[in-house]
There are 2 protein chains.
Amino acid sequence: MAETPGGENLLFLTDEQLRKGIEAMFFAYRGFTADPDRILEGKDYGRAHHRAIHFIHRSPGTTVSNLLSILGVTKQSLNRVLRTMIEDGLVRSEKGKVDARERHLHLTDKGQMLERELSDAQRARMRAAYRAAGPQAVQGFRQVLEAMMDPEMRRQFNRLKDGG
Amino acid sequence: MAETPGGENLLFLTDEQLRKGIEAMFFAYRGFTADPDRILEGKDYGRAHHRAIHFIHRSPGTTVSNLLSILGVTKQSLNRVLRTMIEDGLVRSEKGKVDARERHLHLTDKGQMLERELSDAQRARMRAAYRAAGPQAVQGFRQVLEAMMDPEMRRQFNRLKDGG
DNA sequence: CTTGGAAAGTCAACAAGGCTGACGTAAATT
DNA sequence: AATTTACGTCAGCCTTGTTGACTTTCCAAG
């Protein structure tokens with residue numbers, strides 16, 4: 001057994017273990033996105049639309065620039081998906097009252113319906129995985145994921161966790 | 001506390017908890033790919049090349065069709081990245097001896113060097129996350145990820161885990 | 001009140017990396 | 001001999017990312 005002076009077993013840090021973790025992330029992420037992808041194909045939307053829908057639902061009234069910093073894409077890229085969803089009546093964009101330069105984004109009823117369909121599917125998979133693994137495992141899952149984020153992303157993540 | 005007839009606490013299965021897990025996956029995956037992406041930008045390669053390099057390194061001599069089923073892309077898509085890497089002398093492709101229709105793929109020394117650079121960076125992040133979270137958390141992390149995979153992907157994952 | 005700069009939106013052009021469809025070739029299998 | 005398999009390739013398309021340049025709107029500071 002590989003033991004440190006401190007006495008902890010560090011077998012979980014071998015290159016082999018790390019490789020397995022890397023591959024697990026790769027395959028799991030495919031599963032993670034598979035259901036929404038399936039729902040969206042044929043609906044003219046893609047993963048980029050799903051991400052926007054998710055975070056608008058999550059933080060109704062959020063601004064474009066806030067969304068930009070969460071999604072980490074350029075405004076041109078975000079604007080493209082936002083525009084189609086506004087045209088299609090999934091998203092409502094309204095001028096800010098305190099700062100009229102900002103656009104506050106909301107899902108319309110139609111947008112809510114699609115969000116529901118997508119998140120139901122994604123939650124169902126997550127729920128099944130959580131249930132299969134158990135609460136203890138879920139806690140570890142969350143700890144490792146959070147430790148894996150860039151500090152900037154972790155800030156975003158924790159800001160979302162609490163207030164809207 | 002939400003208790004089932006069985007007596008288990010199911011608070012970890014609330015929609016809110018599931019949403020946090022979903023967002024954690026999203027932000028963590030960004031971190032997961034950030035370092036290799038940074039290394040590859042400016043090198044004419046992208047994430048697709050990284051994936052191919054990883055699995056060729058992982059299973060030297062693997063065939064094109066095997067790689068196809070692991071990566072889950074079309075042969076045209078894979079062929080594009082494979083061709084450039086063969087031209088650039090990162091990957092060697094040789095006819096099979098037992099079945100000459102197959103092409104067996106290996107990394108050249110140059111390919112090994114790039115693989116090293118990429119996987120060192122990715123492992124460093126994974127190692128830091130594992131170390132911060134601890135062995136117990138790592139086990140849970142792996143359990144949840146594995147449960148999240150599609151059965152087909154889980155088969156691939158477990159086939160890789162053992163033999164090459 | 002003017003002006004500087006931030007926020008938002010738009011146009012154009014491009015690249016990576018997915019996809020489908022069609023076709024060709026060599027080798028294995030039936 | 002005919003069919004199937006593994007691989008490669010051409011052509012064309014889509015999504016989603018990028019840069020760069022530009023305009024409009026509007027807040028805030030001088």
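**The surface near DNA strand D**

Helix 4 of chain B gives the most to the surface near DNA strand D, contributing 4 residues. Here a residue is near a strand if its C-beta atom, placed from the backbone, lies within 6 Å of it, and helices (H or I, at least four residues) and strands (E, at least two) are DSSP runs numbered from the N terminus. Please keep in mind that this is a predicted model, in which local features need pLDDT of at least 70 and side-chain atom pairs count only at pLDDT 80 or more, while totals for chains, interfaces and linings use all residues. Residues are numbered from 1 along each chain as its sequence is written, and chains are lettered from A and ligands numbered from 1 in the order in which they are written.

Around DNA strand D there are 24 residues, and the closest are G46(A), A48(A), T74(A), S77(A) and S65(B). The elements that give two or more residues to this surface are helix 2 (47–58) and helix 4 (75–87) of chain A, along with helix 3 (64–71) and helix 4 (75–87) of chain B. Sorted by class, the surface has 5 nonpolar, 10 polar and 9 charged residues, where Ala, Val, Leu, Ile, Met, Phe, Trp, Tyr, Cys and Pro count as nonpolar, Asp, Glu, Lys and Arg as charged, and the others, Gly among them, as polar.

Next comes the relation between the two protein chains.

Helix 2 (residues 47–58) of chain B holds I53(B), which counts as buried because it has 24 C-beta neighbours inside 10 Å; the cut-offs are 20 or more other C-beta atoms within 10 Å for buried, 12 or fewer for exposed, and partly exposed in between, with C-beta atoms placed from the backbone. Leaving aside residues up to four places away in sequence, I53(B) touches L107(B), G111(B), L114(B), E115(B) and L118(B), a contact being two residues whose C-beta atoms, placed from the backbone, lie within 7 Å.
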